[in-house]
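Work through the exercises below with the sequence and the model at hand. Each task is followed by its solution.

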Amino acid sequence: GRTLGVFTSGGDSQGMNATVRAIVRMGLYLGCKVYLIHEGYQGMIDGEKNFQLGSWASVSGIVGLGGTIIGSARCPEFRERSGRLKAARNLAKAGINNLVCIGGDGTLTGADLFKKEWNSLLDELLEKNEITKDEYEKNKYLNIVGIVGSIDNDFCGTDMTIGTSSALHRIIEAIDAIVTTAFSHQRCFVMEVMGRHCGYLALAAGLASEADWIFIPEHPPEPDWENILCKRLQYHRLAGHRLNIVIVAEGAIDNQGNPITSEYVKKVISSRLKIDTRITILGHVQRGGATSAYDRVLGARLGSEAVLALMMSHNESPPFVIGINGNQPCYIPLVEAVERTKAVAKAMAAFEFKKAIELRGASFER
Ligand code: ATP
């Protein structure tokens with residue numbers, strides 16, 4: 001069997017543990033040796049002490065835990081070749097030449113670079129006598145697959161990223177709780193949710209909570225949105241509603257590209273309509289708490305599929321991202337997925353929203 005390593009990197013999200021669990025167990029089932037690499041790329045650079053040989057029991061009882069039990073880190077050192085050289089040395093010493101990377105687009109970009117450089121890194125290590133000829137030969141090829149963990153659902157090439165569904169549950173729980181108090185006091189609540197470049201959470205939360213209004217980065221409101229919003233809220237009040245919910249994605253902007261903050265929305269509503277208006281910023285609550293059933297199952301599916309993809313990899317295989325498309329697992333060339341995700345961010349910054357949405361939604365040749 002092969003020797004695999006799995007690590008989590010970048011921002012954490014619920015469902016990462018469920019994914020790790022599936023990777024370890026599918027790996028063991030197929031006769032592989034599976035290492036849990038703690039603390040992301042930093043752990044790889046720091047070496048052996050962060051490599052834990054996974055057993056069936058080592059991933060028991062974690063399927064529903066938020067966060068990642070093997071730790072995540074931002075690692076500036078991995079952006080330098082010297083850092084990647086250390087990481088390559090430690091992996092080669094441990095015989096790990098199959099990696100499952102769970103993270104966002106930064107993590108996957110780093111993984112792609114690592115694979116591209118792998119041979120030259122090993123050459124250098126051999127030359128410096130940091131690895132033996134035997135270690136060199138045994139680890140000649142590095143196979144990589146990636147899985148996207150992100151609560152924002154902001155990655156191209158997969159219908160859902162791991163963590164999005166759980167974050168949405170957290171938002172809806174919070175809104176449900178607030179609705180009771182808003183109802184009692186006839187208040188308006190402005191809820192700020194995560195999503196810097198992607199309004200998915202705000203949009204889905206709006207649908208699921210009967211919100212009066214949502215602000216998302218992909219769709220700046222009309223120039224006179226303040227009037228329209230106030231009219232809308234007033235209309236609802238006259239129709240007998242005792243409360244209002246307005247959802248603001250953290251990356252919401254107006255049609256000039258200026259941020260629309262929850263603070264500003266509150267000011268507009270309270271000054272014009274004289275409604276008692278409160279702000280709730282959910283922040284990291286969205287990343288916390290139990291993992292939704294959907295994310296647990298998604299983690300199980302993508303994690304086991306990732307191991308199968310590694311088993312089929314050979315030295316010519318490009319790195320893949322394992323995603324979900326039409327409820328089926330799919331393999332997307334990693335570079336293409338990352339590039340398209342970056343193109344979306346660029347289109348958003350250039351106010352080309354239609355293009356951004358098309359890029360995000362368009363399916364890949366598979
Ligand atoms: P999130 O979406 O939560 O921010 P992410 O994976 O995009 O997740 P980053 O902080 O961008 O998070 O990346 C995680 C780590 O990946 C970095 O700390 C760095 O070690 C590595 N990394 C990111 N970009 C590169 C790159 N261009 N080259 C090499 N390594 C990189």
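**Exercise 1: two loop asparagines**

Asn327 lies in the loop that joins strand 11 (320–325) to strand 12 (328–333). Strands (E, at least two residues) and helices (H or I, at least four) are DSSP runs, numbered from the N terminus. The model is predicted: local features need pLDDT of at least 70, side-chain atom pairs count only at pLDDT 80 or more, and totals for chains, interfaces and linings use all residues. Residue numbers start from 1 along each chain as its sequence is written.

Task: Is Asn327 buried or exposed, and is Asn153 buried or exposed?

Solution. Start with the cut-offs: a residue is buried if 20 or more other C-beta atoms, placed from the backbone, lie within 10 Å of its own, exposed if 12 or fewer, and partly exposed in between. Asn327 has 8 other C-beta atoms within 10 Å, so Asn327 is exposed. Asn153 sits in the loop between strand 5 (143–150) and strand 6 (162–163). Asn153 has 24 such atoms within 10 Å and is therefore buried. Next, check the backbone: phi is near 65° in Asn327 and about 55° in Asn153. Most residues other than glycine have a negative phi.

**Exercise 2: the ligand shell**

Task: Which helix gives the most to the shell around the ligand?

Solution. First, 17 residues surround the ligand, the closest being Gly10, Gly11, Gly104, Gly106 and Gly110. A residue counts as near if its C-beta atom, placed from the backbone, lies within 6 Å of the molecule. Then assign the elements: helix 4 (residues 105–127) gives the most, with six residues.
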